[in-house]
Amino acid sequence: METGISSTDGGNKDLLRNTLKADTGLYEAEDFEKKYTYDGDDLGAYRTPEATVFKVWAPTAKSVTLNLYESGDPSADDGTGTYDMSRDGSGVWSVRADKDLAGVYYTYTADFGDFANEACDPYARAVGVNGKRAMVIDLDATDPEGWEDDFNPNAGKNPTDAVIYELHIRDLSADLSSGIKNTGKFIGLTETGTVNSGGIPTGLDHIADMGITHLQLTPVYDYATVDESKPDAPQYNWGYDPLNYNVPEGSYSTDASDGAVRVREFKQMVRAVHSRGISVVMDVVYNHTYGTDYCFNMLVPGYFHRPGSNGSECGNDVASERPMVRKFIVDSLVYWAKEYHIDGFRFDLVGLIDVETIRQARAELDRIDPSIILYGEGWDMKTITVRKDVPLAVQKNVGRIGNFAMFNDTLRDAVKGSMFDEDQTGYINGNYEMKKILSDCVAGKTEWSSLPYQQINYVSCHDNRTLWDEITVMNPDMSFEDRVRKNLLAAAIVFTSQGIPFIFAGEEFLRSKENADGTLNENSYNAPDSVNSIKWDDLSKKEYADVCEYYKGLIAFRKAHPALRRMESAEDLYDFSVRTKRSVTACRIAPCAGEPSDGIFVIYNASDTEEKIKLPKGKWRICVKGNRAGCESLDEVSDSVTAERMSATVLVKSGV
Ligand code: CA
């Protein structure tokens, strides 16, 4: 191996020494930023048949060496050599080998004089078991058959056309009833023809049959807490503990010890999901890392995090406002979109990331495919940025980003109540004070947004109890049938509201997270498979299958009616002047461009008694009523309709 780049930088010695102190204010110095901001797109290890070039940004290191290894196992004493790297003016160290090193594992050692750190490459695109050593990879060799013809099946559509389904890789297949062979693996999502013990479709077949458009995967990048060297041990984690941002998680591959396997299998999964008309969304966690010993930080001490800032409650909020962190985040998103054909990103705690980073990410992803959907949790949390007056990507700043949506907790809490305050119940649980807020949300208006494409509407996700469990806890003495009514009403509100509907996998057949002792789990991030897995045999029970058909019907109904999927403000379409009891919310939705009907009439009746509602002139077809939903007419009425108790009734006026 020989070095190809000579050192051109004398370095500012004082600057470098100071960096090693706990006070990292140095990174905020104007001259530091000016001198050491690198804008190349070649950080990491890139190989061709002729050569391999390694580049890493470590401006405060006195020297950096490349260490090569036989295997990716961090405990194996199998080094094959170390090589000095050369520094350029922007703090990038590089070394070139005149051969193809694909499949070779490596780390960097940065020497700071007083101490030295060996770390994985922050720009690693493949790693060994447990993500401590990077691997040089020939990415083209990992492409599955037909990859060049693989594309976003929902390209060109609006974000408000999306129906998002949130899934954890293990949950899909961990229960025996899934019938899926590759338990807990990416390729479990490639299996078709899988059935439960009653012969009812499961897995990808079920998901495709629901009619959803976007599958959001709970973290699938390489995270820390599952030991990949013990694939048969009982282990589970959601994965909100990032280790290597640009590498798939090893425990979801069939062989975590070979860095190429997880890359290939992840692509196979994307290909399989795309082939069913479904786009793939990654849950990305750029707001914190697993530890402060994150590899970027080992190579540039203290740079990656906001010192002492704990908005994420993980102890290490990421300093996205620093230029090389911002670049890292944007590069990472672009990489997943290009290399893995990812069609959307869900940003965990995006309210901790600065507006400018997300704005730049949006702009760069627009250059690849403007229909890539972006959304996140814009909660306003306590974080201390390393610079003053840095606007953060919280709900109220959504308009400063561009095409971006925030999870709509306003609608969530109005429908089912606050998860943080048990006294504040929601509309479906009898709190009719919520009617005004609910009506606004239905029409696409909250305190922080009046544009439907900025709002992700949901009543359950991986966090907290499942919807079914929440309804059970709130209504402990209620019959099964009535609890189902509340569930269906909540779902109907989500799917008939302006915005982007989102459901948690299994919500469509009353998913529960029941602990071994019979209690209902509120935070299952590391609970066993028995709690988290989707119980597919429930689909064999008629009352569960009926709920699933209802969700399917709601999705089909929504897809058939552009008036429910406005991009711009929808307030002009809505008429809430219909007289009803306090417990009932009713509105007429006027047609808009592309809408096949002459109007839609929606009634949510949260009370225990039915109510007769006067209808505007004309003939109305009932499409949603009781426990049935869809595009077919269940009945035709004029003048008035009886809205069943604890349920939604949706009518469509004939187009001609
Ligand atoms: Ca891992």
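The model is predicted, so local features need pLDDT of at least 70, side-chain atom pairs count only at pLDDT 80 or more, and totals for chains, interfaces and linings use all residues. Residues are numbered from 1 along each chain as its sequence is written, and side-chain values use heavy atoms, with hydrogens and water left out.

Select the calcium ion, whose protein donors (N, O and S atoms within 3.2 Å for Ca) are Asp 222 (OD), Tyr 223 (O), Glu 228 (OE) and Glu 249 (OE), lying 2.2 to 2.4 Å from the ion. In sequence these donor residues follow the spacing D-Y-x4-E-x20-E.

Next, display the largest pocket, which holds about 990 Å³ of space. Among its 34 lining residues (an atom within 4 Å of a grid point), select Trp 238, Ser 312, Glu 313, Leu 349 and Asp 463, the closest to the pocket's centre. Then colour helix H9 (residues 409-416), which gives the most to this lining, with 3 residues.

Finally, move to the second largest pocket, with a volume of about 650 Å³; of the 24 residues lining this pocket, Asp 41, Lys 327, Val 330, Asp 331 and Val 334 lie nearest its centre. Helix H7 (323-340) and helix H8 (355-368) are the elements that give two or more residues to the lining of the second largest pocket, and H7 gives the most, with 9 residues.

Technical notes. Donors are N, O and S atoms within 2.8 Å of the metal (3.2 Å for Na, K and Ca); water is not among the atoms, so sites may look incomplete. On a 1 Å grid over the protein atoms alone, a cavity is a set of points where a 1.4 Å probe fits but cannot get out, and a pocket is an open set with protein on both sides within 12 Å along at least five of seven lines; lining residues have an atom within 4 Å of a point. Grid points are joined across faces, edges and corners, and a volume is the space filled by probe spheres set on the points. Helices (H or I, at least four residues) and strands (E, at least two) are DSSP runs, numbered from the N terminus.
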